[in-house]
Amino acid sequence: MDFNLLRLCVYLLFLSLCNLVYLPYACSADKFVINHSVSESDRRYQYTYELLDLIIQETNADFGDASIEVTNLVMSRNRIFKSLQDGQTINVMAEASNEEWNTKLIPIPIPIRKGIQGFRVFIIKNENKNLLANIDSLEQLMRLRTGSGSQWSTRVAMKQAGFDVVESAQYDSLFNMLSKGRFITFGRGVNEAYQEVELFQKRYPELIVDEHIVLNIPLATYYYVSPTKPRLANRIKVGLLRMIENGKFDKLFYQWHCEYLMRSQLNKRKLFKISNPLVVESQMTSIMGKDFLFNSSLDASSICQKYLKP
């Protein structure tokens, strides 16, 4: 066999092994290709991007260099799922857990938001604040028409529970629909609501975050990896576990979220809970246990004192 041909064959085999097994120091740099936000107003993924960058840094000594690339395509959640399956356009995304993604992709079942996006507070129009202040039961809350993204897992949970859900596939348009009175409540994760009201303040100054109610819909955000990239999945899991053990994960998590956890005062709100058919709660705690999740009955201020910058 020609020497150059033999060398090429060996090289191609070597690269294939890099995507299949853990070979410290040996393989070419890992390339993480992540999703693009759906609009300039969409900041939901910034925390997950920064966490992924720290995971890469944490695992450089084991796995070697790596890069993060943001795809230039803006895709719907369903299209992202299909793209993740073949791993060409995108190979990693942090997303809310659901059964189809769990079975057809590689999930790393560590809830990287500690479940806080499952504590849903409501963005409402200021004129409706007294309406929510007088809600005393889940049945009363369900009588108020509510808004949701058409591909969100919380939409499925709310419809199953009996909510009257108005849907839109467009993230930005939901705020416009709320402003125009198409629905009364717009449930958002406690990690999302306050920054979204601030982002849309100039366009919709009448929007506020309700101060009285929290709806708990069990929800976990996992990193999902293309089945064609098991090495990347292994690297994320190794890095996450290491960051949790050395405290770097909690430091990042609370520095990102303490402001909103303290503002929301979840422990002082009326809490209602519905089930989520797309989330297996036992999976959320399968690796880290229940204590890893955020406890909404606790005073967030006392937890956050050690993480906030002086």
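Helices (H or I, at least four residues) and strands (E, at least two) are taken from DSSP runs and numbered from the N terminus. This is a predicted model, where local features need pLDDT of at least 70 and side-chain atom pairs count only at pLDDT 80 or more, while totals for chains, interfaces and linings use all residues. Residue numbers start from 1 along each chain as its sequence is written, and side-chain values use heavy atoms, with hydrogens and water left out.

**Figure 1. The whole chain at a glance.** The protein chain has 14 helices and twelve strands. Of its 310 residues, 50% are buried, where buried means under 20% relative accessible area, exposed over 50%, and partly exposed in between (1.4 Å probe, protein chains only). The accessible surface comes to about 14900 Å², and carbon and sulfur atoms account for 50% of that; these areas come from the Shrake-Rupley method with a 1.4 Å probe, and for residues only the protein chains shown count as cover. Take the contacts (heavy atoms within 4.5 Å) between residues at least 6 apart in sequence: 80% of them join residues at least 24 apart.

Figure 2. Strands pair here if DSSP finds at least two bridges between them. The order in this open sheet is E3-E11-E4, with antiparallel pairing. Strand E3 (92–96) and strand E4 (106–108) are at the edges with a single partner strand each, so one side of each has no neighbour in the sheet. From one strand to the next, the twist averages 35°, based on axes that are lines fitted to C-alpha atoms (for helices, over the stretch in contact), with angles running from 0 to 180 degrees between N-to-C directions. Zoom in on E4 and you'll find three bridges to strand E11 (residues 221–225), the two running antiparallel. Ile106 has Val225 in E11 as its bridge partner.

Figure 3. How many residues of strand E5 (residues 119–125) are buried? Seven of its seven are. Phe119, Val121, Ile123 and Lys125 are buried on one side, and Arg120, Phe122 and Ile124 are buried on the other, so to speak a strand with both faces covered. Follow E5 along and you meet strand E8 (residues 185–189), paired with E5 in the antiparallel sense over four bridges. There, Val121 has Arg188 in E8 as its bridge partner. Strand E9 (residues 207–209) also runs antiparallel to E5, joined by three bridges, and Lys125 has Leu207 in E9 as its bridge partner. With strand E10 (residues 213–216), E5 pairs in the antiparallel sense over two bridges; here Arg120 stands opposite Leu215.

**Figure 4. The nonpolar cores.** A nonpolar core is a set of buried Ala, Val, Leu, Ile, Met, Phe, Trp, Tyr and Cys residues joined through side-chain atoms within 4.5 Å. In soluble globular proteins, nonpolar side chains tend to be buried together. The largest core here has 54 residues, and those with the most contacts inside it are Leu51, Val92, Tyr223, Ile236, Leu240 and Phe249. Helix H12 (residues 248–264) gives this core its largest share, seven residues. Another core lies apart from it, with 17 residues that include Phe122, Leu144, Met158 and Ile213.

Figure 5. Rings of Phe, Tyr and Trp (its six-membered ring) pair if their centres lie within 6.5 Å; planes under 30 degrees apart count as stacked, over 60 as edge-to-face and the rest as tilted. The structure holds 17 such pairs. One of them is Tyr47 with Phe253, an edge-to-face pair at 6.3 Å centre to centre and 75° between the planes. That pair links distant parts of the chain: Tyr47 sits in helix H2 (residues 46–58) and Phe253 in helix H12, 206 residues apart. Both Tyr47 and Phe253 are buried. Tyr254 and Tyr307 are stacked instead, 4.8 Å centre to centre with 20° between the planes. Here Tyr254 comes from helix H12 and Tyr307 from the segment after helix H14 (300–304), 53 residues apart. Tyr254 and Tyr307 are both buried too. Tyr47, Phe249, Phe253, Tyr254, Trp256, Phe292 and Tyr307 form one aromatic cluster.

Figure 6. Met284 lies in helix H13 (residues 281–284). Is Met284 buried or exposed? Met284 counts as buried because its relative accessibility is 5%. Leaving aside neighbours within four places in sequence, Met284 is in contact with Pro109, Pro111, Leu219, Ala220, Tyr222, Val279 and Leu293. The C-alpha atoms of Met284 and Pro218 are separated by 9.2 Å, with the two residues 66 apart along the chain.
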